[in-house]
Each structure stands twice: as structure tokens, then as C-alpha cells.
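Visitor: I would like to learn how to read disulfides and a nonpolar core in a model. Could you take me through them?

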Amino acid sequence: TSGGSGGGAITFTVVDGTATGCSIVSTTGDLTFTSAGTCTVTATKAADTNYNAVSSSATTVTINKADQSALTVTNTTGTYPTGFTVTASGGSGGGAITFTVVDGTATGCSIVSTTGDLTFTSAGTCTVTATHAAYINYTAVSSSASPITINKDTPTNATPHSPFTTK
């Protein structure tokens with residue numbers, strides 16, 4: 001704070017706000033909160049022998065959402081022709097995780113964005129990103145593009161069939 005004349009003590013008060021848990025230590029101005037949003041604060045300089053008390057206009061303090069921790073696609077290998085579910089780990093908060101196919105050499109790469117169910121019609125790679133949506137106190141975060149390796153299927157041993165029959 002600055003301004004005001006005289007030697008009166010300065011105190012602070014939270015007067016409004018959208019962030020939950022806005023509180024302030026009246027003598028130091030230390031502001032605390034438990035969510036993103038705003039806290040509206042005033043400062044008051046007490047009267048002294050020569051000056052009347054004076055209060056500031058309300059000042060809005062914005063508390064931004066925090067960045068989430070890194071998000072990583074965690075299972076990156078499958079085998080043709082069996083589809084599988086892609087998963088991710090990391091992020092923060094309770095936002096939904098969604099998946100997107102961004103590239104790949106395997107044909108027919110397709111993913112159900114809300115479940116991570118990945119399908120394909122050939123061996124190769126399907127490159128996928130995961131996104132953890134913004135949530136109350138956190139911004140959205142996306143993983144780096146992660147190649148999912150789709151290995152060729154190993155055929156089972158075939159029993160030779162003889163054109164001859166024995167009697």
C-alpha cells in the first residue's frame with residue numbers, strides 16, 4: 001500500500017470475491033484462498049492525532065488457475081488385430097481425460113475420445129495425444145504426441161493337411 005498521511009496503523013479487509021476461502025491477516029495483508037477466482041480487498045489507515053481515517057477503494061486480486069502436472073500416455077504397445085484401451089497418467093484435479101489420434105502409419109486408426117478404446121486395421125503406429133480438461137483450480141494439459149506401436153500378429157502353427165488319405 002501507499003498513500004495516506006499520518007502514523008495510523010494500516011489494516012486490510014476482504015470485502016468480496018469469487019475464490020473460496022478468501023481471508024486476509026488484517027495487520028500484514030497476507031492473503032490466503034482455497035480456489036482460483038478473485039478476492040476483493042480494501043486497506044484502511046487509522047486516524048491519528050492530526051489525520052482522519054481513510055480507506056482505499058476496493059482492489060480485486062485475481063487468483064489464476066494452476067498448471068496441471070505433466071500428462072503421459074502410459075500404454076504404447078498393441079498387437080494387430082486386437083484393439084485395446086489407451087490410458088494416461090498424471091494431470092491434476094478431476095477434469096475428464098480425452099484422447100485423439102493425430103497421425104500414424106497403421107491404417108484405420110480410430111479412438112473413442114472418452115474411453116481411449118483404440119482400433120486399427122493394420123499393423124504400424126497410431127500416434128495419440130491425451131488431454132486432461134481444465135477443472136476448478138487447474139488449466140487444461142495435453143500430453144506430447146505418443147506413438148502407439150501396433151505389432152504384427154504371430155500366426156498360430158497350422159497343421160499340414162495332406163491331400164492323401166490312408167486306409
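This is a predicted model: local features need pLDDT of at least 70, side-chain atom pairs count only at pLDDT 80 or more; totals for chains, interfaces and linings use all residues.

Visitor: How many disulfides does a search of the whole structure find?

Guide: A disulfide is a pair of cysteine sulfur atoms within 2.5 Å, and the search finds 2. Cys22 and Cys39 form one, with their sulfur atoms 1.9 Å apart, and the torsion about that S-S bond is about -80°, so the disulfide is left-handed. Cys22 lies in the loop between β1 (10-17) and β2 (23-24), while Cys39 lies in strand β4 (residues 37-45); strands are DSSP runs (E, at least two residues), numbered from the N terminus.

Visitor: What joins Cys109 to Cys126?

Guide: A disulfide does, with an S to S distance of 1.9 Å. Cys109 is in the loop between β11 (97-104) and β12 (110-111), and Cys126 is in strand β14, 17 residues apart.

Visitor: Which residues have the most contacts inside the largest nonpolar core?

Guide: A nonpolar core is a set of buried Ala, Val, Leu, Ile, Met, Phe, Trp, Tyr and Cys residues joined through side-chain atoms within 4.5 Å. The largest has 15 residues, and those with the most contacts inside it are Phe84, Val86, Leu118, Ile148 and Ile150. Of the strands, β14 gives the most to this core, with 3 residues.

Note on methods: Residues are numbered from 1 along each chain as its sequence is written. Side-chain values use heavy atoms; hydrogens and water are left out. Buried means under 20% relative accessible area, exposed over 50%, partly exposed in between (1.4 Å probe, protein chains only). Helices (H or I, at least four residues) and strands (E, at least two) are DSSP runs, numbered from the N terminus.
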